Amino acid sequence: FCLDAQPTEDLVVLAVKSSGKSAKGGAEWLHRALSYREFVCLSRTDDRLLSVVVGESFLKQVELPKDVEVQRDWIALRLDKTGLEQTAKLGAFASLSQVLQEAGLDARTMSTPESEHLLMPKGDLPAAASALLAAGHAIRPARRLCMAPSSGAVPNSNGSAKFAGAWRLVRRVRPNAPGQEFALDEGPVRLQAACGLFAEVAVASTSVDAEASCAGLVEASAASSGSRADFARYRLVDFQPPSGESPHVTASV
């Protein structure tokens, strides 16, 4: 499945124990929330606990009552089900939830006839993305999955100049996943410039599924010293070739 990391801003969860008095006095901010133009979801349990999920910018537009609890730093992964077959629609949530559970993560679910939303703390996004990508799913856009580089699009001086050149990766470590070892002649090849820009080419000899090239930039951290370097890698462009047969098209002019 292909999931969208939406919205472009972080989410907040607003929770309040509703009653006749508080509902009447706090009706204004609820009406404003329902008319909010971006992502919003409202639910209420049978014990009258009201929960509103909305973009963080909404907090600047209203003055919340004192009894409203605010939980910040949430994100949502959205699956569009409109183009899926009926059997795929029914199994989509179970498939995604199983991947996250096996990774030790828990996500809240918000469902509509056309979409599934997986709500989770923002801090869990890197591990969730790593688990979902490893299971064959895709997530977009990349800018919601990666931190913005601290020194702009291209670092001017980040200590990576001495690592410029062409070299082959022998070990890769990802969040919430075991390290991946490569034989000396099988790892991805990286071409790295002195400014930190890089292109990594992974061509598999066994299966096209193992190919995953990317490009972006790296920053050397302050902890780098001597022969050891700690890098933060920002993948700005990814390429994964299709694994199926190429369609044959006949055209006549």
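Trainee: Why is His 137 called buried?
Mentor: Buried means under 20% relative accessible area, exposed over 50%, and partly exposed in between, using a 1.4 Å probe and protein chains only. His 137 has 9% relative accessibility, so it counts as buried. Bear in mind that the model is predicted: local features need pLDDT of at least 70, side-chain atom pairs count only at pLDDT 80 or more, and totals for chains, interfaces and linings use all residues. Residues are numbered from 1 along each chain as its sequence is written, and side-chain values use heavy atoms, with hydrogens and water left out.

Trainee: Which residues is His 137 in contact with, leaving aside its neighbours within four places in sequence?
Mentor: Contact means heavy atoms within 4.5 Å. By that rule His 137 touches Phe 1, Leu 3, Ser 95, Leu 96, Val 99 and Leu 132. His 137 itself is in the loop between H4 and strand E7 (138-140). Helices (H or I, at least four residues) and strands (E, at least two) are DSSP runs, numbered from the N terminus.

Trainee: And Ala 127, buried or exposed?
Mentor: Ala 127 has a relative accessible area of 15%, so it is buried. This alanine belongs to helix H4 (residues 125-134). Its C-alpha atom is 7.7 Å from that of Ala 103, 24 residues apart along the chain.

Trainee: What puts the buried residues of H2 on the same side?
Mentor: The buried residues of helix H2 (residues 27-34) are Trp 29, Leu 30 and Ala 33. They cover an arc of only 100° around the axis, so they sit on the same side of H2. The arc is that of the directions from the helix axis to the C-beta atoms. On the face turned away from that buried side are the exposed residues Glu 28, His 31 and Leu 34.

Trainee: How do you know that E2 and E3 pair?
Mentor: Two strands pair if DSSP finds at least two bridges between them. Here 5 bridges join E2 to E3, and the strands run antiparallel. Ser 43 stands opposite Ser 51 in E3. The two strands form a hairpin with 4 residues between them.

Trainee: Why is the pair of Tyr 36 and Phe 58 called edge-to-face?
Mentor: Rings of Phe, Tyr and Trp (its six-membered ring) pair if their centres lie within 6.5 Å; planes under 30 degrees apart count as stacked, over 60 as edge-to-face and the rest as tilted. Tyr 36 and Phe 58 are 5.6 Å apart centre to centre, with 75° between the planes, hence edge-to-face. Tyr 36 lies in the loop between H2 and E2 and Phe 58 in the loop between E3 and E4, so the pair ties together parts that are 22 residues apart in sequence. Both Tyr 36 and Phe 58 are buried.

Trainee: How many disulfides are there?
Mentor: A disulfide is a pair of cysteine sulfur atoms within 2.5 Å, and by this rule the count is 0. As for two of the cysteines, Cys 41 has a relative accessible area of 23% and is partly exposed, whereas Cys 214, at 7%, counts as buried.
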